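Me: Please take a close look at the aromatic ring pairs here. How are they arranged, and what do they connect?

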Amino acid sequence: MTTDSTTTVFSTEQVRRARYAVAAVFAVHGAVTGSFATRVPWIQDHAGVSAGQLGIALAFPAIGASLAMPLAGAVSHRFGARTALRGLLMLWTLALILPALAPNLLTLCGAFLVYGASAGMSDVAMNALGVEVENRLNKSIMSGLHGMWSVGALIGSAAGTVAAHLGADARLHHTIAALVLTALGLIACRRVLDLRSEPDAEAPPRFALPPKSALIIGAVGFCAVFAEGASLDWSAIYLRDVLDSSAGLAAASTTAFALTMAVARIAGDRVVDRFGAVRTVRTGGVLATVGGVLVVTAPNAALAMCGFGLMGLGIAVVVPLAFAAAGRSGPNPSQAIAGVATITYTSGLIAPSAIGSLAEATSLIVSFGLVSVLAFGLVLGAGVLRAGDRKTVSSPDAGVPGTAAAEPRA
């Protein structure tokens, strides 16, 4: 996303209001994901697809996002940040309706393609505005914003759990949810910063190779987001198919995961300021690994849900810290962060497909064994996030409007 962030001046009150507005946007975005995740078993049954076929279908959000995410910057450049976010967020909330309408594998793949494209573009736009607000406030807020995304996912999954317990048709459930979230999103967008490019500013490139530093940092983010995507989309099916749980209890596993993610992200800024990025991620990696092992060895649903909760707690702050590390890893922070964002976001969209394909060849237990191994990768790779550690890196210009640090990061 390209904006004239270095010359646009906003009052302290405008920036403060924008912080709450962007937080609300994050919550709306998360609520769509939470609403969808709890009804995946219903969507699978309605479309009449196997676990392997569902895994194939779940690859299409990644394809859609990969094709569409580079367009978000051009849209924001042309229409301005606020208008772009308003339109892209509306596309995302309304896309929630599509998967539940699909009667077969082919239409399900098409629905997921649109679903992923709208998710990716709106995600890029809202993160860019979030970083702008963070820079203008000159304090860390990104973990909290991602925490609001998790709060939204929790609310969406809680509503989905109730709908699943009542045996509600997901087509009706998702239509009502989409309309409500669209209205809330449009209201929230009214207060975000209205950043615009200069009339003669060059449009951002649609594709640029990320620097090597971004690839290394992105690998750590990949591990965390893979675990997140796998847990959100497959935890309910895991409890239903592996542990023979009821539909309501299976959906509640997604709620437990979203709850721990939300709590950890909301508290994340303070934890990182106290203990540093590296120590926080290493400790989180241990918790996530223990959680993954608990999932694959659990003899009952209660222990498996505890495992999913530990995974959510362990991986919660990794992505915001990866963005921070990328922004301080070289002379071109915006390009580095864009590279990390692409790697981590694609990981989250690929994970459900990979889990399904591996489950078809072996079992869901083996699939979540892989998730446990990747979670341990956070322990081994946490050191690469040292560049984003506020304990070891400081800059007198960080976050001050008019400096290079004010560039959008995603």
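Reply: **Aromatic ring pairs**

The count comes to eight aromatic pairs (rings of Phe, Tyr and Trp, the latter by its six-membered ring, with centres within 6.5 Å; planes under 30 degrees apart are stacked, over 60 edge-to-face and the rest tilted). This is a predicted model, in which local features need pLDDT of at least 70 and side-chain atom pairs count only at pLDDT 80 or more, while totals for chains, interfaces and linings use all residues. Residues are numbered from 1 along each chain as its sequence is written, and side-chain values use heavy atoms, leaving out hydrogens and water.

W92 and Y115 form a tilted pair, because their ring centres are 4.7 Å apart and their planes stand at 55°. W92 belongs to helix α5 (residues 81-95) and Y115 to helix α7 (residues 105-137), so the pair ties together parts 23 residues apart in sequence (helices are DSSP runs of H or I, at least four residues, numbered from the N terminus). W92 is buried at 2% relative accessibility, and Y115 is buried at 6% (buried means under 20% relative accessible area, with a 1.4 Å probe and protein chains only). Ring pairs also link these two with F36 and F112 into a cluster.

Another pair, Y238 and F368, is edge-to-face, at 5.2 Å centre to centre and 75° between the planes. Y238 sits in helix α10 (residues 212-241) and F368 in helix α16, so distant parts of the chain, 130 residues apart, are linked. Both Y238 and F368 are buried.

Helix α16 (residues 364-381) also holds S367, which is buried at 0% relative accessibility. Leaving aside residues up to four places away in sequence, S367 touches I355, L358 and A359 (contact means heavy atoms within 4.5 Å).

Terms used
Helices (H or I, at least four residues) and strands (E, at least two) are DSSP runs, numbered from the N terminus. Buried means under 20% relative accessible area, exposed over 50%, partly exposed in between (1.4 Å probe, protein chains only).
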